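Here are a few notes to read alongside the model.

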Amino acid sequence: MRPGAQSPAPLPKLDGLWVLLAPNEGQFESADADGKVPVLAQAGDQYYYLVAFRNAAKARAFAAANDLDGIDPRMVVGAYKDELVRVARAAGAIGMLVDYEPGTGEPVPAAPLA
């Protein structure tokens, strides 16, 4: 690293973040125990990412701005994390985007789904 250069911010972990869950209406083969699936963002034609947020307010604002009905914001905690990751991966997610805001043109670094 060059002298005076800042090191990149560490990528966030899924624990403690908020995700949005939607009723599975047959779009995915796998769902959680309540029949819900996480909201995913599609990048290009082939990549899907779990959408996660640092707080509930950002999660609710995203749902409202995108006219998502029947959405349940949920904090990711240890007891639910494994099931969430399993369902997201089964739906094709390869990573997660934290505090994603579509249409802003600002890049959001992808983080591992773990």
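1. Let me start with K81, which is found in helix 2 (helices, H or I of at least four residues, and strands, E of at least two, are DSSP runs numbered from the N terminus). K81 is buried, with a relative accessible area of 17%; buried means under 20% relative accessible area, exposed over 50% and partly exposed in between, using a 1.4 Å probe and protein chains only. Leaving out residues up to four places away in sequence, K81 touches L14, D15, V76 and A114, where contact means heavy atoms within 4.5 Å.

2. A word on the basis of these notes. This is a predicted model, in which local features need pLDDT of at least 70 and side-chain atom pairs count only at pLDDT 80 or more, while totals for chains, interfaces and linings use all residues. Residues are numbered from 1 along each chain as its sequence is written, and side-chain values use heavy atoms, with hydrogens and water left out.

3. Next, the nonpolar interior. A nonpolar core here is a set of buried Ala, Val, Leu, Ile, Met, Phe, Trp, Tyr and Cys residues joined through side-chain atoms within 4.5 Å. The largest one has 18 residues, of which L14, V19, L50, L84, M96 and L113 touch the most other members. At least two residues of this core come from each of strand 1 (18-23), strand 4 (47-53), helix 2 (78-90) and strand 6 (93-98). Helix 2 gives the largest share, four residues. Another core, of 14 residues, lies apart from it and includes V51, A59, F62 and I71.

4. M96 deserves a look of its own. Setting aside neighbours within four places in sequence, M96 has contacts with P12, K13, L14, L17, Y49, L50, A52, P109, A110, A111, P112 and L113.

5. Now the backbone. Most residues other than glycine have a negative phi. D67 has a positive phi, near 50°, and is found in the loop between helix 1 (56-65) and strand 5 (72-75). Is D67 buried or exposed? With a relative accessible area of 64%, D67 is exposed. D99 also has a positive phi, near 60°, and lies in the loop between strand 6 and strand 7 (110-111). At 16% relative accessibility, D99 counts as buried.

6. D99 comes up again among the charged pairs. The structure holds seven salt bridges, each a side-chain nitrogen of Lys or Arg within 4 Å of a carboxyl oxygen of Asp or Glu. In one of them, the side chains of D99 and R54 meet at 3.1 Å, N to O. This pair links distant parts of the chain, 45 residues apart, with R54 in the loop between strand 4 and helix 1.

7. R74 and D32 form another salt bridge, at 3.8 Å from N to O. Here too distant parts of the chain are linked: R74 is in strand 5 and D32 in the loop between strand 1 and strand 2 (36-38), 42 residues apart. D32 is buried, with a relative accessible area of 7%.

8. Finally, a pair within a helix. R86 forms a salt bridge with E83, with the closest N and O atoms 3.9 Å apart. Because R86 and E83 are three residues apart in helix 2, about one helical turn separates them. Both count as partly exposed, R86 at 42% relative accessibility and E83 at 24%.
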